[in-house]
Amino acid sequence: MGRTLCVVNQKGGVGKTTTAVNLAVALAKGGSRTLLIDIDPQCNATTGLGEGPCQSHPLAAGIPLQPALRRIGGNRLELLPGSRAFHDVEALARIDEIPASRFRHQLASVQAGFDFTVFDCPPSVGSLTKTALASSTEVFMPIQCEYFAMEGLAQMIEVIREVMESSPGQLQFGGIVLTMVDHYLELSWEVEKEVRDFFGEIVYRTVIPRDVAAAEAPSHGKSVIDYAPRSRAARAYLELCMEVLERD
């Protein structure tokens, strides 16, 4: 059975989409058939891989997902693009009104062919994020190494706990990854120590450094791994991928 990673954080600007995109690319380059699903109405995961948003999101329309998939850079990574259409944003915001069984059936129709599915979720704890969590096997949470890193984290963890209790045994806390780390700043060391002391072994050893290449890559429609393969961020995401595979 494949693994489904739900990349979540209710706080924006923490490297959530960058992590979802580059982890998906790294997994595919490592030989795993990978599906990246963009359910963030901002569609940054979609445009960050050089694709345009779809006119109607299949998850909102309740139609088969397979025809909407787009192959990215080879035959091991496929993307289900996001949609910015107002009616889709409204429908996805009310996705808790859709029977969970239908949502899971849509996903199951394509997931069987993939080793990994990666959800890029909106920066919120709304119904769409909860539904994605309920359809996943692992929570993957990026945390920015800055002053407000822990802000709102308790609420996010409470939502994760609620989903775990509603579907016992299905969802596990896969791990926390520290992003935008600048070890020249004492603050980064302090935040990293605080997070590691509090969460322990669920924090990945690999940290993602602050790197201008990671910020530039989406404007070229590429992951940082393809845009600047020798950059610090690219190397870090490849190392993170290795850790994810080790935790299988």
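Which residues in α1 meet which residues in α11? The model is predicted.

**View 1. Helix α1 against helix α11 in the predicted model.**
The α11 helix covers residues 232-246. Its axis and that of α1 come within 9 Å. The two axes cross at roughly 70°. Angles of 65 to 115 degrees count as roughly perpendicular, and α1 and α11 are therefore roughly perpendicular to each other.

**View 2. Side by side: the residues that join α1 and α11.**
From α1 come T18, T19, N22, L23, A26 and L27. From α11 come Y237, L238, C241, V244 and L245. Eight residues of this contact are nonpolar and three are polar. The contact has no charged residues.

**View 3. The largest pocket and its centre.**
The volume of the largest pocket is about 550 Å³. Its lining comprises 30 residues. Closest to the centre are G15, K16, T17, T18 and M180. T18 is also among the α1 residues that meet α11.

**View 4. Elements that line the largest pocket.**
Helix α1 (16-29) gives the largest share of the lining, five residues. Other elements that each supply at least two residues are α2 (44-47), β7 (172-181), β8 (203-209) and α9 (212-216). By class, the lining has twelve nonpolar and twelve polar residues.

**View 5. Helix α6 against helix α7.**
Helix α6 spans residues 127-134, and helix α7 spans residues 153-166. Their axes lie 10 Å apart. The packing angle is about 50°. That makes α6 oblique to α7. The crossing of α6 past α7 is right-handed.

**View 6. Residues at the contact of α6 with α7.**
On the α6 side are T129, K130, L133 and A134. They meet M156, V159, I160 and V163 in α7. Six residues of this contact are nonpolar. One is polar and one is charged.

Conventions
Residues numbered from 1 in each chain as written. Predicted model: local features only at pLDDT ≥ 70, side-chain atom pairs only at ≥ 80, totals over all residues. Heavy atoms only, no water. Axes fitted to C-alpha atoms, helices over the stretch in contact; angles between N-to-C directions. Helix = DSSP H or I, 4+ residues; strand = E, 2+ residues; numbered from the N terminus. Parallel < 35°, antiparallel > 145°, perpendicular 65-115°, else oblique. Left-handed = near helix turned anticlockwise from the far one by under 90°. Contact = heavy atoms within 4.5 Å. Nonpolar A, V, L, I, M, F, W, Y, C, P; charged D, E, K, R; others polar. 1 Å grid on protein atoms, 1.4 Å probe; cavity = no way out; pocket = protein on both sides within 12 Å on 5 of 7 lines; lining within 4 Å. Points joined across faces, edges and corners; volume = space filled by probe spheres on them.
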